[in-house]
Amino acid sequence: MTSETVARGLEGVNVAATKLCRIDGQKGELIYSGYDIYDLADHSTFEEVAFLLWNLRLPNAAELTALQDNLRAERPLPDLASRILREIVGQIRPMRALEMSVIISGALDPQSSDLTNAQLKVTAARLTARMPTVLATYHRLRQGLEPVAPRDDLGHSANFLWMLNGREPNELEARVFDVAMILHAEHEMNASTFSALVTASTLSDMYSAIASAIGTLKGPLHGGANEAVYKLVDAIGTEQNIPSHVEALLARGERVMGIGHRVYKTTDPRAIILEKLGHELAAVSADRKYFDLSLKLRDYLARKLEGKPLYPNVDFFSASVYKMLGIPSDLYTPIFAMSRITGWTAHLLEQYADNRLVRPNALYEGAGNREYVEIASR
Ligand code: COA
């Protein structure tokens, strides 16, 4: 690349070195710090993965217990955040409520500008612990219900479902949701992670970096795609409508949400795992219509887009999995953030430990030098 070229979308550009995650987009491999995503999905828990990302190794039993205790202790929201959530309830979307609550947590933390590794890890755990409380609280309040207090005997994911629904999830629901949390935790240098690193590179604090990341994740080309997939499948409605709906959408130059990826040129391994979980849920679900329609849409797209490197990504099946768990669609993207907070903060630990200001260039294509003309003469 020369100073005369533009790396559009920064495709193929390494903007940082990382020990956190490796993706092979041709083979469909996703590895967190040496561990294959299939192994983590089969054997691990979200808390273990959080520890892995923050420490680059799996915890022993005592370390895992300490992290679980810490997360439990950090679950309650600051009083100001709770009061503001009550004030704005129903007026903003949950993703904005999440973004706002991160900013409030930062504003109230006297240690926010302490960028030492130890303090940053405290912040990382705090934000990870609080996000489920924010979303569950906001969702309860907007239904006119009182928030449900967290349960100390439940793990991170099961406790979220408990606080959200006021009903303890069964074993399958808790496990499926925990695996979805593992799958979304980290993904190398995606747009939201990069925006977090750009913010941190000015030595702004971790809270502001995470608020930047949440704003970036929100867009439909990134984390917003899971909610967009839900809307697409919902709008299609029946199997018979799939061809005409997709044809019309492509004719308008729009994209099929949940399909395609900058890095994967085969099926995203997370989509493979989520489809499997979807089948497990569908086998016992009272309403599997949406999942079945997603499978038909996937099969139709495979034929329609044959020869193009466009395959289901993580968002394609997360929508149906969340739907079968009874979660409303405007929480899908905030739930993505609730998991990715671990990957974002892990990348921030790397960035603060070896920081250099991110300040690229732009290729100027504007007018040549001009004489300034006073407004009266224009
Ligand atoms: N539906 C239809 N066509 C798509 C497509 C989709 N979802 N994704 C990419 N394409 C097409 C583009 O139109 C383009 O075609 P062209 O070369 O004929 O113009 C080609 O594939 C390459 O697209 P490009 O935008 O250069 O790829 P990208 O790497 O910048 O885009 C995404 C990656 C993820 C933004 C893109 O695949 C997309 O918009 N997917 C839908 C949103 C989504 O699911 N996002 C979540 C990602 S995890």
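Figure 1. Beyond its neighbours within four places in sequence, D178 is in contact (heavy atoms within 4.5 Å) with S44, T45, F46, E47 and S157. D178 belongs to helix 8, residues 171-183. Helices (H or I, at least four residues) and strands (E, at least two) are DSSP runs, numbered from the N terminus. D178 counts as buried because its relative accessibility is 8%. Buried means under 20% relative accessible area, exposed over 50%, and partly exposed in between, with a 1.4 Å probe and protein chains only. The model is predicted: local features need pLDDT of at least 70, side-chain atom pairs count only at pLDDT 80 or more, and totals for chains, interfaces and linings use all residues. Residues are numbered from 1 along each chain as its sequence is written, and side-chain values use heavy atoms, with hydrogens and water left out.

Figure 2. The protein chain is divided into domain 1 (18-220 + 330-353) and domain 2 (225-324). These bounds come from an automatic or database domain assignment. The C-alpha centres of domain 1 and domain 2 lie 25 Å apart. Domain 1 gives 29 residues to the contact, and domain 2 gives 28 residues.

**Figure 3. The largest nonpolar core.** This core has 113 residues. A nonpolar core is a set of buried Ala, Val, Leu, Ile, Met, Phe, Trp, Tyr and Cys residues joined through side-chain atoms within 4.5 Å. Y32, F177, I210 and I327 have the most contacts inside the core. Both domain 1 and domain 2 give residues to this core, so it lies between them. Leaving aside neighbours within four places in sequence, the contacts of Y32 include L20, C21, I37, L40, I182 and L183.

**Figure 4. The largest pocket.** The largest pocket holds about 1400 Å³ of space. Pockets and cavities are found on a 1 Å grid over the protein atoms alone: a cavity is a set of points where a 1.4 Å probe fits but cannot get out, and a pocket is an open set with protein on both sides within 12 Å along at least five of seven lines. Lining residues have an atom within 4 Å of a point. Grid points are joined across faces, edges and corners, and a volume is the space filled by probe spheres set on the points. Of the 44 lining residues, N190, L221, H261, R262 and V263 are the closest to the pocket centre. Strand 1 (21-24), helix 9 (191-201), helix 15 (314-324) and helix 16 (332-353) give two or more residues each to the lining. Helix 9 has the largest share, three residues. The lining divides into 22 nonpolar, 13 polar and nine charged residues. Here Ala, Val, Leu, Ile, Met, Phe, Trp, Tyr, Cys and Pro count as nonpolar, Asp, Glu, Lys and Arg as charged, and the others, Gly among them, as polar. Domain 1 and domain 2 each supply at least three lining residues.

**Figure 5. The largest cavity.** The structure holds three cavities of 30 Å³ or more. About 50 Å³ of space lies in the largest cavity. Its lining is L77, A81, S101, V102, S105, L127, R130, M131 and V134. Helix 6 (117-142) and helix 5 (94-108) each supply at least two of the lining residues. Helix 6 gives the largest share, four residues.

**Figure 6. Positive phi at E188.** E188 is not a glycine, yet its phi is positive, near 55°. E188 sits in the loop between helix 8 and helix 9. The residue E188 is partly exposed, with a relative accessible area of 27%.
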